[in-house]
Amino acid sequence: MKKPSATAQNKETERSATTSSSAAPAAAEDPTARLQADLDRFRDLALRSQADFENYKKRSAREKEEAIKYANSSLLERLVAIIDNFELGLEAAKGESEQSPIYSGMTLVLKQLHDFLAENGLQPIEAEGKRFDPNLHQAIAHEPSNQFPEGIVLRQTRRGYRFRDRLLRPSSVVVSSGPGK
């Protein structure tokens, strides 16, 4: 292989210098624009990350507050079942004698329980004589009634409860199917 002469090398160097000197301003603007675009992209990413973090903090605080607010719901649900049985026992004792001191004492205990539960956000759902609402009531039967129109609750077989603004347990009800045939 033959080596290029010094004159040929000088001409090549001049050509590349001319080419690079005319491309230099374009190349200098390009990295700056590229860096500015990267800066804008990272600034946008940082703002989005900050907004996502703020939303996360708010959501976490809201979930924590809700968990604290409704923490007793499972306990109250179990307690409501015990109160149902207590009320059944009280009804049986009422049949024996309403004047007995045991009946009077049980009535006072039941009132205290209801007052305590009401103070803690538990509210009974009154259903008898009201329009059937599937959000609050669970229909267990339909009966004809000349006294009530269709869709009205005739009687409640199991009381329902709300805990604060949520339904803890729906009322079990018998609903009127309108006048009998």
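In what order do the three strands of the open sheet run? The order is β2-β6-β3, and the pairing is mixed. Two strands count as paired here if DSSP finds at least two bridges between them. At the edges sit β2 (137-143) and β3, each pairing on one side only. From one strand to the next, the twist averages 30°, with axes taken as lines fitted to C-alpha atoms and angles running from 0 to 180 degrees between N-to-C directions.

A quick word on what you're looking at: this is a predicted model, so local features need pLDDT of at least 70 and side-chain atom pairs count only at pLDDT 80 or more, while totals for chains, interfaces and linings use all residues. Numbering starts from 1 along each chain as its sequence is written, and side-chain values use heavy atoms, with hydrogens and water left out.

Zooming out, the protein chain has three helices and six strands, laid out from the N terminus as α-α-α-β-β-β-β-β-β. Helices (H or I, at least four residues) and strands (E, at least two) are DSSP runs, numbered from the N terminus. Of the 181 residues in the chain, 19% are buried, meaning under 20% relative accessible area with a 1.4 Å probe and protein chains only.

Back in the sheet, β3 and β6 (residues 171-176) pair in the antiparallel sense over four bridges. Q156 stands opposite V173 in β6. Strand β6 also holds S176, which counts as buried because its relative accessibility is 1%. A polar atom of the S176 side chain lies 3.1 Å from the backbone oxygen of F148. For scale, a polar contact is a pair of N or O atoms within 3.5 Å, where within protein one must be able to donate a hydrogen and the other to accept it.

Now the largest pocket, which holds about 320 Å³ of space. A pocket is an open set of points on a 1 Å grid where a 1.4 Å probe fits, with protein on both sides within 12 Å along at least five of seven lines; lining residues have an atom within 4 Å of a point. The volume is the space filled by probe spheres set on the points.

Here is how the lining splits by residue class:

| Class | Lining residues |
|---|---|
| Nonpolar | two residues |
| Polar | two residues |

Among the lining residues are D84, E87, E126, Q156 and R159. Both α2 (73-96) and β3 (153-158) supply at least two residues of the lining, and the largest share, four residues, comes from α2.

Terms used
Nonpolar A, V, L, I, M, F, W, Y, C, P; charged D, E, K, R; others polar. Buried < 20%, exposed > 50% of the residue type's maximum accessible area, 1.4 Å probe, protein only.
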